[in-house]
Amino acid sequence: MHMSFSGLRALVTGAGKGIGRDTVKALHASGARVVAVSRTRSDLVSLTNECPGVEPVCVDLGDWEATERALGGVGPVDLLVNNAAVALLHPFLEVTKEVFDRSFHVNLRAVFQVSQIVARGMIARGVPGSIVNVSSMVAHVAFPSLSAYSSTKGAMTMLTKTMALELGPHKIRVNSVNPTVVLTNMGKRVSEDPEFARKLKERHPLKKFAEVEDVVNSILFLLSDYSASTSGSGILVDAGYLAS
């Protein structure tokens, strides 16, 4: 399946590393003009060296005012990937206000804010669009020490559906991808206990975790016209975990 995004402009958050970085590279290779958003300037420098033409934006999406300044005038965007997230691991009884606020500001509030900016632009231009929210299978299943992170992803499930409902009349589709553990730097922290990682992998019917490429391919599918009738849905990239 060949996907071309030639003539379209995409915005990807959390673009410096992992899933976000590889999504930028895939969109760039498929002809899209890409705005790459990250809070780590060195990551953006290396990314723009690797993909000439990518437009870097360095901002901490947990800061509402800074985000408004950085992206309020971003210009026309046809495709949006809300990928930026933090996974702060703490037992439920040890979650502080700071951990809670940081988790929700980056993982959920920023999705509201960036999506509003982009969707308003799409509606003003009268063009269709596609938004993909990068969620997690922990939106549907509990894991220890992930109460704050899981809560943001559970909320993202309903946000995705509500956005799809309200933006659908404007021909804007909104979906999510919900991966299992992906062996990015963030994912490795979740599975750094070897015995826990072994048992967790065994619970997956496919006996493996997801590769970054698996998630990126699902994102590209949802961004593309191959999913033209799909909105308000989530693709589980979970190696069968929820079936177990």
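Me: Which residue in S2 stands opposite alanine 10?

Reply: The model is predicted, so local features need pLDDT of at least 70 and side-chain atom pairs pLDDT 80 or more, while totals for chains, interfaces and linings use all residues. Residues are numbered from 1 along each chain as its sequence is written, and side-chain values use heavy atoms, without hydrogens and water. Strands (E, at least two residues) and helices (H or I, at least four) are DSSP runs numbered from the N terminus. The residue in S2 opposite alanine 10 is valine 34.

Me: Over how many bridges do strand S1 and strand S2 pair?

Reply: Two strands pair if DSSP finds at least two bridges between them. Strand S1 covers residues 9–13 and strand S2 residues 33–38, and their parallel pairing runs over 5 bridges.

Me: Which strands stand at the edges of the sheet?

Reply: The open sheet has 7 strands in parallel pairing, in the order S3-S2-S1-S4-S5-S6-S7. Each edge strand has a single partner, so one of its sides is left without a neighbour in the sheet. These strands are S3 (55–58) and S7 (234–237).

Me: At what angle do the axes of H1 and H2 cross?

Reply: Axes are lines fitted to C-alpha atoms, for helices over the stretch in contact, and angles between N-to-C directions run from 0 to 180 degrees. The axis of helix H1 (residues 18–29) comes within 11 Å of that of H2, and the crossing is at roughly 25°.

Me: Which residues of H2 make the contact with H1?

Reply: Contact means heavy atoms within 4.5 Å. From H1, the contact involves Arg21, Val24 and Lys25. From H2, the residues are Asp43, Ser46, Leu47 and Glu50.
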